[in-house]
Each structure stands twice: as C-alpha cells, then as structure tokens.
Amino acid sequence: MTILEFLSDRLASLLIQAAFAAITFLFLLATGTQAGVLYLLCVVWFLAFLCAQAIDFFRLSSRLRELNQIMESLDQKYLFYECIPKSRNIYERRLTDLFRRAGKSMIGAVSDAQAAQREYREYVESWVHEIKTPITAAGLICRNAEPDTRRKLSPELAQIEAHVERALFYARAKSPEKDFILRRTELGEIVAQSVDQHKALLIQNGIRVETSGLAQTVYTDGKWAAFILGQLLQNAVRYRSMDSNPVIILSAKPLGKQVQLTVTDNGIGIPAHELPRVFDRGFTGSNGRIRSGSTGMGLYLCRKLADCLELELQISSQPAHFPDFRPAAGSGTRITLTFPAVHSSSD
C-alpha cells in the first residue's frame with residue numbers, strides 16, 4: 001500500500017475531520033480566544049492527527065505485506081484463508097470468516113471438479129482398452145476379406161486405431177510423467193515402430209518414406225516419442241501434395257550432446273502467418289478447413305508431450321522446394337525434434 005492509496009481510501013474521513021477542525025477554529029476565534037492560543041492548538045492537533053494517521057498507515061502496510069508473503073509462499077493459493085494469522089480486530093475477524101466460508105465452498109467445488117475429471121479420464125482409458133478388442137477383431141476379419149475390400153478397409157481401421165490412441169494419450173496428457181520410462185533407446189527403433197504402425201495409411205496414399213542417419217542412441221521414452229512421430233506422419237499424409245510424388249524424409253544427425261531428428265515432407269505447406277499458432281489446442285488453420293479430418297489436436301499433443309520429455313520441437317514451412325526432395329516439390333514442412341543423446345554406458 002502506498003501513501004497515495006492510503007490517503008485516497010480515507011479521503012472522505014480526512015475531509016470531514018479537516019472541516020470539523022476549521023469550524024472549531026472559527027468558533028473559538030469568534031468567542032474571543034487569543035490567536036496565539038488557537039495557533040498552538042492547531043499545531044498540537046495537526047501533529048497528533050499526523051501521528052495517528054502514520055501509525056495507522058504503517059500498521060496496515062505491515063499487515064498487507066504479511067498477508068502477501070503468505071500468499072506468495074503457497075503453492076495452492078486457494079488455501080490462503082487457512083493460513084491467515086489471527087485477526088486483530090472485530091472487522092478483520094468478520095472479514096476472515098467470510099473468506100473462510102467462501103474458501104471452503106471453492107475447495108468443495110474444486111474437489112468435485114477434480115473428481116469428475118479423474119472419473120472421466122479413467123472412463124476414457126477404460127473405453128480405449130475395450131474398443132481395441134473389436135478393432136483388433138475387425139482387423140483380423142479384414143485380412144481374410146477380398147483383396148479389394150481389404151485394401152479399402154485396412155487404412156480406415158488404421159485411422160480409427162490412431163484416433164483411439166490419440167484419445168488415450170490426451171486423457172493421460174495431464175500427468176504423463178506417471179507413465180514415463182526414460183531410458184537408452186535406439187532412434188531407428190522408434191522410427192521403425194511409428195512407420196510400421198502407419199504403414200497402411202502411407203501405402204494407401206502412395207507416400208514414399210526415406211530414412212537416413214537413424215543409427216543414433218537417445219535418452220527418452222520410446223512409446224511417447226513414437227506417438228509424437230506418428231502424429232507428424234499423419235499430418236504429412238493429410239496435407240500431402242496432390243500434384244507430385246509425396247515423400248517423407250526422416251533423417252537424424254548428432255548435434256553436440258543431442259540428436260536432431262528431422263521430419264520433412266513435400267506437402268502443401270503451412271502459411272507463414274499461421275506457423276506461430278500450429279501448436280495451439282484446436283487450431284486447424286486454413287489447410288485444416290480445406291482438408292477434412294483435422295481436429296487441431298495432433299500438434300498440440302506433440303508440443304505438450306515434447307515439453308514433458310524435454311524435447312525441443314521446431315517447425316518451419318517454406319514455398320521453395322527442398323533440395324533433398326526427388327522430385328522437387330512446390331512447398332513443404334520441416335519439423336525438428338531434438339533428443340538428449342547418450343554418449344556412454346556411464347551416462
């Protein structure tokens with residue numbers, strides 16, 4: 001609290017006291033009181049008034065600093081009312097009681113919301129595990145179907161499974177660290193697992209996958225990293241170019257104490273003004289409105305999980321062709337994942 005704030009808060013009271021003092025001064029002057037005595041009384045009154053206001057100001061400022069320090073030290077701010085020190089007067093006691101009642105109501109609402117969210121997350125996880133059974137059964141039936149039917153249904157089943165898997169990862173994204181297993185992992189195995197999971201989708205859309213330099217060892221959770229890579233592959237398929245031979249290049253290289261994995265495609269690219277928003281939740285952009293099936297959740301989950309895994313995730317898109325492409329394309333997107341590397345068995 002500043003002095004100006006203190007004075008503005010008590011402006012009405014100060015004006016009333018000043019007016020009363022002026023009236024008293026005029027009354028005493030009119031009744032014949034000597035001017036010297038009046039001046040002395042005014043000085044004494046003013047000093048006493050100033051001391052009282054100063055004491056009140058420092059008392060309130062000290063109290064506010066104490067309460068602010070308590071608030072800043074709390075991780076869960078809504079428990080502030082439980083930590084308030086003993087009230088110093090009746091007004092403060094009544095105010096604290098009101099805060100306590102409001103706080104208890106808020107804690108009850110927060111607890112109910114957390115319980116409902118936990119139940120919903122558990123239901124989603126249970127549903128995902130249950131739905132995988134009929135998906136697997138449908139896949140087995142599809143294998144025994146006619147070639148034409150199998151060719152049409154296999155990618156659709158793969159898409160369903162990918163959406164189900166995304167729902168499971170999204171349900172767990174609030175606290176993914178509980179499911180982390182960080183260990184030495186071969187980057188090539190992560191890439192191979194992800195590509196194999198999306199093989200039907202890639203084949204159906206005629207997308208060629210090229211790899212280079214994947215014989216690298218990284219320190220990460222293979223399952224979560226494969227999920228991130230799978231989302232990137234799905235996006236590359238969804239936004240592929242219809243006018244050229246679509247290709248996805250997965251290349252890796254050591255970068256100091258890190259390993260950099262680059263996923264490059266020759267798709268339709270991303271407008272420059274939309275690049276800062278592609279990792280926002282639910283953002284589909286102009287391409288997403290043109291190409292159906294976009295939910296705006298894939299890159300959002302990638303960013304969230306990459307942050308949890310302490311992976312650096314960068315994206316760029318340019319209208320000029322990439323020199324690595326054969327044949328060259330008119331546009332494309334490049335996404336870079338930077339992993340912590342493992343250099344020796346002692347790491």
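Biologist: How does H7 pass H9, right-handed or left-handed?
Modeller: H7 passes H9 in a right-handed crossing. Keep in mind that this is a predicted model.

Biologist: What angle do H7 and H9 pack at, and how far apart are their axes?
Modeller: The angle is about 50 degrees, and the axes of H7 and H9 are 9 Å apart. That makes the two helices, H7 and H9, oblique to each other.

Biologist: Which residues meet there, in H7 and in H9?
Modeller: H7 brings Ile190, Val191, Gln193, Ser194 and Val195. They meet Gly222, Ala225, Ala226, Leu229, Gly230 and Leu233 in H9. By class, the H7 contact with H9 has seven nonpolar residues, four polar and no charged.

Biologist: How far is Ala192 from Thr211?
Modeller: Their C-alpha atoms are separated by 9.8 Å. Along the chain, Ala192 and Thr211 are 19 residues apart.

Biologist: Back to H9. At what angle does H9 pack with H11?
Modeller: At about 155 degrees, with the axes of H9 and H11 9 Å apart. H9 and H11 are therefore roughly antiparallel.

Biologist: What does H9 use to meet H11?
Modeller: Trp224, Phe227, Ile228, Gln231, Leu232 and Asn235. On the H11 side are Gly298, Leu299, Leu301, Cys302, Leu305 and Ala306. The contact of H9 with H11 has nine nonpolar residues, three polar and no charged.

Biologist: New topic: loops. Where is Asn205?
Modeller: Asn205 lies in the loop between helix H8 (199-204) and strand S2 (208-212).

Biologist: Buried or exposed, that Asn205?
Modeller: Asn205 is buried, with a relative accessible area of 17%.

Biologist: What is Asn205 in contact with?
Modeller: Val237, Arg240 and Pro246, leaving aside neighbours of Asn205 within four places in sequence.

Biologist: What about Glu310: where is it, and what is its phi?
Modeller: Glu310 sits in the loop between helix H11 (298-308) and strand S6 (312-318). Its phi is near 60 degrees, a positive value in a residue other than glycine. Glu310 is exposed, with a relative accessible area of 66%.

Biologist: Let's go to H2 and H3. How do their axes sit?
Modeller: The axes of H2 (residues 11-30) and H3 (residues 35-73) come within 11 Å. They cross at roughly 165 degrees, so H2 and H3 are roughly antiparallel to each other. H2 passes H3 in a right-handed crossing.

Biologist: Which residues meet between H2 and H3?
Modeller: From H2: Leu14, Gln17, Ala21, Phe25, Leu28 and Leu29. From H3: Leu38, Tyr39, Leu41, Cys42, Trp45, Phe49 and Gln53. The contact of H2 with H3 divides into eleven nonpolar, two polar and no charged residues.

Biologist: What about H5? How does its span compare with what its 54 residues should give?
Modeller: H5 covers residues 90-143 and should span 80 Å at 1.5 Å a residue. The end C-alpha atoms of H5 are 79 Å apart, which agrees.

Biologist: Which H5 residues are buried?
Modeller: Glu92, Thr96, Gly103, Arg121, Val124, Val128, Ile135 and Cys142.

Biologist: Last one, the whole protein. How many helices and strands, and how much is buried?
Modeller: The protein has eleven helices and seven strands. Buried residues make up 36% of the 347 residues. Among contacts between residues at least 6 apart in sequence, 71% join residues at least 24 apart.

Conventions: Residues numbered from 1 in each chain as written. Predicted model: local features only at pLDDT ≥ 70, side-chain atom pairs only at ≥ 80, totals over all residues. Heavy atoms only, no water. Axes fitted to C-alpha atoms, helices over the stretch in contact; angles between N-to-C directions. Helix = DSSP H or I, 4+ residues; strand = E, 2+ residues; numbered from the N terminus. Parallel < 35°, antiparallel > 145°, perpendicular 65-115°, else oblique. Left-handed = near helix turned anticlockwise from the far one by under 90°. Contact = heavy atoms within 4.5 Å. Nonpolar A, V, L, I, M, F, W, Y, C, P; charged D, E, K, R; others polar. Expected span 1.5 Å × (residues − 1). Buried < 20%, exposed > 50% of the residue type's maximum accessible area, 1.4 Å probe, protein only.
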